[in-house]
Amino acid sequence: MTRIARAVLREVPLQLKEYFEISSGGTQSRRVLLLMLEADGVAGWSECVAGETPGYSYETTETAWHVLTRWLLPQVVGSEFEDGRHLYPAPWLRGHPMARAAIEMAGWDLEAKRRDVPLRELLGGAAREVPVGVSIGLQKSDADLLARVDAYMAEGYRKIKLKIKPGRDVEMLRTVRDRFPDAPVMADANSAYSLSRDLPRLREMDDLGLMMIEQPLHHEDLLDHAALQGRIDTPVCLDESIRSPGDARLALHLRAGRIVNIKPGRVGGLRSSLAIHDACRTAGWPVWCGGMLESGVGRAHNVALATLPGFTIPGDISNSSRYWEEDIVDPEFEMVDGMMPVPDGPGIGVEPRVDRIEALTTRMEVFEA
């Protein structure tokens, strides 16, 4: 049995190297929530991926802090669990998958460390390195965008994700395709389009040779995504629409796309991620691991997840230096020839830099049994 003796939740502000903009807004400052759970002298770490605003999800840094400190962590600390992978307090509490995921994923790290195995192995993954893609936010001009694509291609990234929105889409993508005819390019709309209004525009993307168009329509409308996929050749990838294994099963049944982006924080943790991976693999849909502007703690969980066999598309698991002047883990993540080595150490395989984390912490809650 695993008895959680202590939990520490911290808010750690980190500054992105550059402003990152998507169709619903942008940010350059991250208020990262880090969670540490301790049992039998072993510490498991995780990161809550909720953003500062409700532009991507209804969950925010503030709602996650409230739910974790008011409802979830008081039930976890002092409780016994058969296995650290099954930390699921307050089953009556509806929603809040990002807050829940922070506890569940810390439990996975804790369990892997107690067993002295890499998180990859506990998840059932086998790959020792995973292919890496990069996400490029909306740029002020095509010239700026082309320069970014050129630089990331030169670094060896194996997928280039371009954020789009109405007014910055087909012509911009065509400019990139004309300059880089063989580049592995995809587009990400973050729900910026409407089927009734934008179908002709979305159809124009079919001749651009895109790997996929990610989340083009409203995050709660799988029916419209199914209708869209039936009318365009470009594979539709679902992101915000998939918040649980149930959502994934419904999307598969409706044929609401052909690809799923799995973000463990978005779907409630690693156990849900495994269920979505397995369902998609059975159905023949490839999956890939998305990013939420995580620090190295969250990135370590994503890298471990991406070792599963269904993750056949490069994930948004870029170098630490893509986003941060200095990360909060040691060693930092650095790809080699477009592939990210998977840490071999127990658990997430990298060490949180507690001294740096403590120096940056702006608020903290400690729970002890």
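**Helix packing, an open sheet and a histidine**

Helix α7 passes helix α8 in a right-handed crossing, a term used when the near helix is turned clockwise from the far one by less than a right angle. This is a predicted model, in which local features need pLDDT of at least 70 and side-chain atom pairs count only at pLDDT 80 or more, while totals for chains, interfaces and linings use all residues. Residues are numbered from 1 along each chain as its sequence is written, and side-chain values use heavy atoms, with hydrogens and water left out.

**Helices α7 and α8**

- The axes of α7 (residues 222-229) and α8 (residues 245-254) come within 10 Å and cross at roughly 35°, where axes are lines fitted to C-alpha atoms over the stretch in contact and angles run from 0 to 180 degrees between N-to-C directions.
- Leu222, Leu223 and Ala226 of α7 meet Asp247, Leu250, Ala251 and Leu254 of α8, contact meaning heavy atoms within 4.5 Å.

**The sheet**

- Seven strands (DSSP E runs of at least two residues) form an open sheet with parallel pairing in the order β7-β8-β9-β10-β11-β12-β13, pairing requiring at least two DSSP bridges between two strands.
- Because β7 (134-136) and β13 (287-289) stand at the edges with a single partner strand each, one side of each is left without a neighbour in the sheet.
- Strands β10 (residues 213-214) and β11 (residues 236-238) run parallel and are joined by two bridges, and Glu214 has Cys237 in β11 as its bridge partner.

**His96**

- His96 is found in the loop between β5 (80-81) and α2 (97-115), and His96 is buried, with a relative accessible area of 18% (buried means under 20%, with a 1.4 Å probe and protein chains only).
- Leaving aside residues up to four places away in sequence, His96 touches Tyr58, Glu59 and Val67.

Terms used
Helices (H or I, at least four residues) and strands (E, at least two) are DSSP runs, numbered from the N terminus. Buried means under 20% relative accessible area, exposed over 50%, partly exposed in between (1.4 Å probe, protein chains only).
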